[in-house]
Amino acid sequence: MRIALFGYGKMGRMIAELAAERNHQIVAKIDIDETEIDFSTFDVAIDFSTPDAAFNNITACFKNNVPVVSGTTGWLHDFEKAVEICNQYGTAFVYASNFSLGVNIFFELNAYLAKMMSQLEQYKISMEEIHHTQKLDAPSGTAITLAEGILQHSRLTQWKLEEFGKDILPITSKREEKVPGTHSVDYKSEVDTIQIKHTAHNRKGFALGALMAAEWLQNKKGIFTMKDVLSLN
(Lines give C-alpha, C1' and ligand atoms only; values in the text may rest on other atoms or scores of the structure.)
Protein backbone atom coordinates (compact mmCIF):
# COMPACT_ATOMS: atom_id res chain seq x y z
CA MET A 1 0.00 0.00 0.00
CA ARG A 2 0.94 3.62 -0.47
CA ILE A 3 0.33 5.30 2.87
CA ALA A 4 0.10 8.95 3.90
CA LEU A 5 0.82 9.74 7.52
CA PHE A 6 -1.02 12.71 8.97
CA GLY A 7 1.04 13.60 12.00
CA TYR A 8 4.66 12.49 12.19
CA GLY A 9 5.38 12.32 15.89
CA LYS A 10 6.38 9.26 17.85
CA MET A 11 3.43 7.22 16.59
CA GLY A 12 3.98 8.30 13.01
CA ARG A 13 7.62 7.26 13.12
CA MET A 14 6.73 3.87 14.61
CA ILE A 15 4.11 3.29 11.91
CA ALA A 16 6.65 4.21 9.23
CA GLU A 17 9.14 1.72 10.65
CA LEU A 18 6.61 -1.13 10.77
CA ALA A 19 5.17 -0.23 7.35
CA ALA A 20 8.56 -0.82 5.75
CA GLU A 21 8.79 -4.23 7.46
CA ARG A 22 5.35 -5.10 6.02
CA ASN A 23 6.36 -3.98 2.48
CA HIS A 24 4.27 -0.81 2.44
CA GLN A 25 5.44 2.57 1.20
CA ILE A 26 5.12 5.83 3.12
CA VAL A 27 4.57 8.37 0.35
CA ALA A 28 3.67 11.42 2.47
CA LYS A 29 4.44 12.66 5.98
CA ILE A 30 2.08 15.53 6.59
CA ASP A 31 2.50 17.84 9.56
CA ILE A 32 0.33 20.72 10.79
CA ASP A 33 1.61 23.41 8.39
CA GLU A 34 1.36 21.29 5.23
CA THR A 35 -1.06 22.79 2.67
CA GLU A 36 -0.12 21.23 -0.68
CA ILE A 37 -1.22 17.59 -0.65
CA ASP A 38 -1.52 15.34 -3.70
CA PHE A 39 -4.19 12.87 -2.60
CA SER A 40 -3.77 10.82 -5.78
CA THR A 41 -0.40 9.53 -4.58
CA PHE A 42 -1.65 7.38 -1.70
CA ASP A 43 -4.09 4.51 -1.17
CA VAL A 44 -4.90 5.13 2.49
CA ALA A 45 -4.28 7.76 5.15
CA ILE A 46 -3.36 7.06 8.76
CA ASP A 47 -4.11 9.97 11.05
CA PHE A 48 -2.34 10.41 14.38
CA SER A 49 -2.28 14.18 14.32
CA THR A 50 -3.75 16.61 16.87
CA PRO A 51 -7.31 17.24 18.09
CA ASP A 52 -7.40 20.57 16.24
CA ALA A 53 -6.22 19.13 12.93
CA ALA A 54 -7.87 15.71 12.84
CA PHE A 55 -11.32 16.61 11.49
CA ASN A 56 -9.93 18.63 8.56
CA ASN A 57 -7.33 15.95 7.77
CA ILE A 58 -9.90 13.16 7.79
CA THR A 59 -12.62 14.91 5.80
CA ALA A 60 -10.16 16.21 3.20
CA CYS A 61 -9.19 12.60 2.54
CA PHE A 62 -12.84 11.53 2.25
CA LYS A 63 -13.51 14.31 -0.27
CA ASN A 64 -10.63 12.94 -2.35
CA ASN A 65 -11.84 9.32 -2.11
CA VAL A 66 -9.06 8.26 0.26
CA PRO A 67 -9.99 5.85 3.10
CA VAL A 68 -8.79 6.82 6.56
CA VAL A 69 -7.60 5.09 9.70
CA SER A 70 -7.57 7.49 12.65
CA GLY A 71 -6.41 7.13 16.23
CA THR A 72 -6.43 10.82 17.15
CA THR A 73 -8.49 11.55 20.25
CA GLY A 74 -9.99 14.78 21.54
CA TRP A 75 -11.96 15.72 18.39
CA LEU A 76 -15.00 13.45 18.69
CA HIS A 77 -17.51 16.30 19.04
CA ASP A 78 -17.17 16.37 15.21
CA PHE A 79 -17.26 12.59 14.73
CA GLU A 80 -20.82 12.41 13.35
CA LYS A 81 -20.01 15.15 10.82
CA ALA A 82 -17.02 13.12 9.66
CA VAL A 83 -19.18 9.99 9.33
CA GLU A 84 -21.69 11.93 7.26
CA ILE A 85 -18.98 13.18 4.89
CA CYS A 86 -17.46 9.70 4.62
CA ASN A 87 -20.82 8.25 3.59
CA GLN A 88 -21.53 11.16 1.26
CA TYR A 89 -18.33 10.50 -0.71
CA GLY A 90 -18.60 6.71 -0.53
CA THR A 91 -15.26 5.94 1.06
CA ALA A 92 -14.20 4.13 4.25
CA PHE A 93 -13.22 4.98 7.81
CA VAL A 94 -11.85 3.09 10.78
CA TYR A 95 -11.71 5.07 14.01
CA ALA A 96 -10.41 3.66 17.27
CA SER A 97 -9.44 5.29 20.53
CA ASN A 98 -6.76 2.62 20.72
CA PHE A 99 -5.49 0.30 17.97
CA SER A 100 -3.56 -2.07 20.22
CA LEU A 101 -4.73 -5.64 19.75
CA GLY A 102 -4.39 -6.24 23.48
CA VAL A 103 -6.42 -3.15 24.36
CA ASN A 104 -9.24 -4.18 22.06
CA ILE A 105 -9.38 -7.55 23.81
CA PHE A 106 -9.29 -5.59 27.08
CA PHE A 107 -12.35 -3.59 25.92
CA GLU A 108 -14.28 -6.86 25.49
CA LEU A 109 -13.11 -8.19 28.87
CA ASN A 110 -14.10 -4.90 30.51
CA ALA A 111 -17.65 -5.03 29.14
CA TYR A 112 -18.02 -8.69 30.12
CA LEU A 113 -16.86 -8.02 33.67
CA ALA A 114 -19.22 -5.04 33.93
CA LYS A 115 -22.13 -7.33 33.03
CA MET A 116 -21.06 -9.85 35.69
CA MET A 117 -20.78 -7.14 38.36
CA SER A 118 -23.93 -5.22 37.47
CA GLN A 119 -26.05 -6.63 40.34
CA LEU A 120 -23.36 -6.43 43.03
CA GLU A 121 -23.96 -2.97 44.44
CA GLN A 122 -21.47 -3.44 47.26
CA TYR A 123 -18.66 -2.94 44.74
CA LYS A 124 -17.70 0.65 43.92
CA ILE A 125 -16.26 1.11 40.43
CA SER A 126 -13.37 3.43 39.57
CA MET A 127 -10.84 3.83 36.77
CA GLU A 128 -7.31 5.14 36.41
CA GLU A 129 -5.29 5.96 33.31
CA ILE A 130 -1.62 6.96 33.13
CA HIS A 131 0.08 8.40 30.04
CA HIS A 132 3.20 10.30 29.02
CA THR A 133 3.36 14.01 29.74
CA GLN A 134 2.99 14.96 26.05
CA LYS A 135 -0.54 13.56 25.81
CA LEU A 136 -2.89 16.46 25.10
CA ASP A 137 -6.27 15.15 26.28
CA ALA A 138 -7.52 13.79 29.60
CA PRO A 139 -9.00 11.35 30.21
CA SER A 140 -7.61 9.32 27.35
CA GLY A 141 -9.84 8.15 24.54
CA THR A 142 -9.15 4.59 25.67
CA ALA A 143 -10.39 5.44 29.17
CA ILE A 144 -13.56 6.95 27.72
CA THR A 145 -14.18 3.80 25.66
CA LEU A 146 -13.71 1.67 28.77
CA ALA A 147 -16.06 3.95 30.72
CA GLU A 148 -18.74 3.69 28.04
CA GLY A 149 -18.47 -0.11 28.19
CA ILE A 150 -19.07 0.01 31.94
CA LEU A 151 -21.94 2.51 31.79
CA GLN A 152 -23.83 0.27 29.34
CA HIS A 153 -23.93 -2.52 31.93
CA SER A 154 -24.10 -0.78 35.31
CA ARG A 155 -26.29 1.43 37.48
CA LEU A 156 -23.94 4.38 36.90
CA THR A 157 -25.14 7.11 34.55
CA GLN A 158 -22.02 9.11 33.64
CA TRP A 159 -18.26 9.27 33.97
CA LYS A 160 -16.44 12.25 35.43
CA LEU A 161 -12.78 13.24 35.59
CA GLU A 162 -11.56 13.37 39.19
CA GLU A 163 -15.13 13.59 40.51
CA PHE A 164 -16.98 11.17 42.79
CA GLY A 165 -20.70 10.72 43.36
CA LYS A 166 -23.50 8.18 43.70
CA ASP A 167 -24.16 7.65 39.98
CA ILE A 168 -20.71 8.69 38.73
CA LEU A 169 -17.89 6.53 37.40
CA PRO A 170 -14.76 8.44 38.49
CA ILE A 171 -11.71 8.48 36.22
CA THR A 172 -8.31 9.48 37.57
CA SER A 173 -5.82 10.72 34.96
CA LYS A 174 -2.08 10.88 35.65
CA ARG A 175 0.72 12.13 33.42
CA GLU A 176 4.21 10.71 33.93
CA GLU A 177 7.39 10.57 31.88
CA LYS A 178 7.81 7.73 29.38
CA VAL A 179 4.49 5.94 30.00
CA PRO A 180 2.94 4.71 26.70
CA GLY A 181 -0.37 3.94 28.39
CA THR A 182 -1.73 2.12 31.44
CA HIS A 183 -5.45 1.61 32.15
CA SER A 184 -7.02 -0.08 35.13
CA VAL A 185 -10.59 -0.69 36.30
CA ASP A 186 -11.26 -1.42 39.98
CA TYR A 187 -14.30 -2.94 41.68
CA LYS A 188 -13.77 -2.33 45.38
CA SER A 189 -15.82 -3.54 48.35
CA GLU A 190 -15.20 -3.74 52.09
CA VAL A 191 -13.76 -7.21 51.75
CA ASP A 192 -11.85 -7.26 48.47
CA THR A 193 -10.93 -5.56 45.19
CA ILE A 194 -11.24 -6.97 41.69
CA GLN A 195 -8.97 -5.24 39.18
CA ILE A 196 -8.36 -5.60 35.47
CA LYS A 197 -5.41 -3.77 33.97
CA HIS A 198 -3.69 -3.23 30.64
CA THR A 199 -0.14 -1.92 30.48
CA ALA A 200 1.48 -0.98 27.18
CA HIS A 201 5.24 -1.48 27.16
CA ASN A 202 5.81 0.61 24.02
CA ARG A 203 3.96 2.10 21.04
CA LYS A 204 4.61 -0.83 18.71
CA GLY A 205 1.26 -2.48 19.50
CA PHE A 206 -0.65 0.69 18.63
CA ALA A 207 1.25 1.12 15.36
CA LEU A 208 0.79 -2.52 14.33
CA GLY A 209 -2.95 -2.35 14.95
CA ALA A 210 -3.28 0.81 12.87
CA LEU A 211 -1.42 -0.81 9.98
CA MET A 212 -3.56 -3.94 10.21
CA ALA A 213 -6.66 -1.74 10.09
CA ALA A 214 -5.33 0.05 6.99
CA GLU A 215 -4.64 -3.28 5.30
CA TRP A 216 -8.11 -4.58 6.18
CA LEU A 217 -9.80 -1.38 4.95
CA GLN A 218 -8.70 -1.74 1.33
CA ASN A 219 -11.60 -1.99 -1.14
CA LYS A 220 -14.21 -1.43 1.57
CA LYS A 221 -16.81 1.29 2.03
CA GLY A 222 -18.43 2.38 5.27
CA ILE A 223 -17.70 3.10 8.91
CA PHE A 224 -15.85 0.46 10.91
CA THR A 225 -14.20 -0.17 14.26
CA MET A 226 -11.47 -2.48 15.48
CA LYS A 227 -14.20 -4.97 16.35
CA ASP A 228 -14.73 -5.35 12.61
CA VAL A 229 -11.00 -5.51 11.85
CA LEU A 230 -10.41 -8.20 14.50
CA SER A 231 -13.73 -10.04 13.96
CA LEU A 232 -14.77 -9.43 17.58
CA ASN A 233 -18.41 -8.67 16.72
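How many bridges join strand E4 to strand E5, and do these strands run parallel or antiparallel? In this predicted model, 3 bridges join E4 (residues 68–70) to E5 (residues 92–95), and the two strands run parallel. Within this pair, Val-69 has Val-94 in E5 as its bridge partner.

E4 and E5 belong to an open sheet of 6 strands. The order is E2-E1-E3-E4-E5-E11, and the pairing is parallel. Strand E2 (25–30) lies at one edge and E11 at the other; each pairs on one side only. From one strand to the next, the twist averages 20°. In general, side chains of a regular strand alternate between the two faces of the sheet.

Strand E6 (residues 124–131) has pairings of its own. With strand E9 (residues 182–188), E6 runs antiparallel, joined by 7 bridges. Here Ser-126 stands opposite Asp-186 in E9. With strand E8 (residues 168–175), E6 pairs in the parallel sense over 5 bridges. Glu-129 has Ser-173 in E8 as its bridge partner.

Pockets were examined next. A probe the size of a water molecule, rolled over the atoms, shows where empty space is left. The largest pocket holds about 970 Å³ of space. Its lining comprises 41 residues. Nearest the centre lie Met-11, Phe-48, Ser-49, Thr-50 and Thr-72. Helix H1 (10–21), helix H2 (51–63) and helix H5 (141–151) are the elements that give two or more residues to this lining. H2 gives the most, with 5 residues. By class, the lining of the largest pocket divides into 16 nonpolar, 19 polar and 6 charged residues.

The second largest pocket contains about 730 Å³ of space. It is lined by 29 residues. Ser-97, Phe-107, Thr-145, Glu-148 and Thr-225 are the closest to its centre. At least two lining residues come from each of helix H4 (101–117), H5, strand E11 (222–224) and helix H7 (226–229). H5 gives the most to this lining, with 6 residues. The lining of the second largest pocket has 13 nonpolar, 12 polar and 4 charged residues.

Two elements link these descriptions. H5 supplies residues to the lining of the largest pocket and to that of the second largest pocket.

Methods:
Residues numbered from 1 in each chain as written. Predicted model: local features only at pLDDT ≥ 70, side-chain atom pairs only at ≥ 80, totals over all residues. Heavy atoms only, no water. 1 Å grid on protein atoms, 1.4 Å probe; cavity = no way out; pocket = protein on both sides within 12 Å on 5 of 7 lines; lining within 4 Å. Points joined across faces, edges and corners; volume = space filled by probe spheres on them. Helix = DSSP H or I, 4+ residues; strand = E, 2+ residues; numbered from the N terminus. Nonpolar A, V, L, I, M, F, W, Y, C, P; charged D, E, K, R; others polar. Pairing = 2+ DSSP bridges. Axes fitted to C-alpha atoms, helices over the stretch in contact; angles between N-to-C directions.
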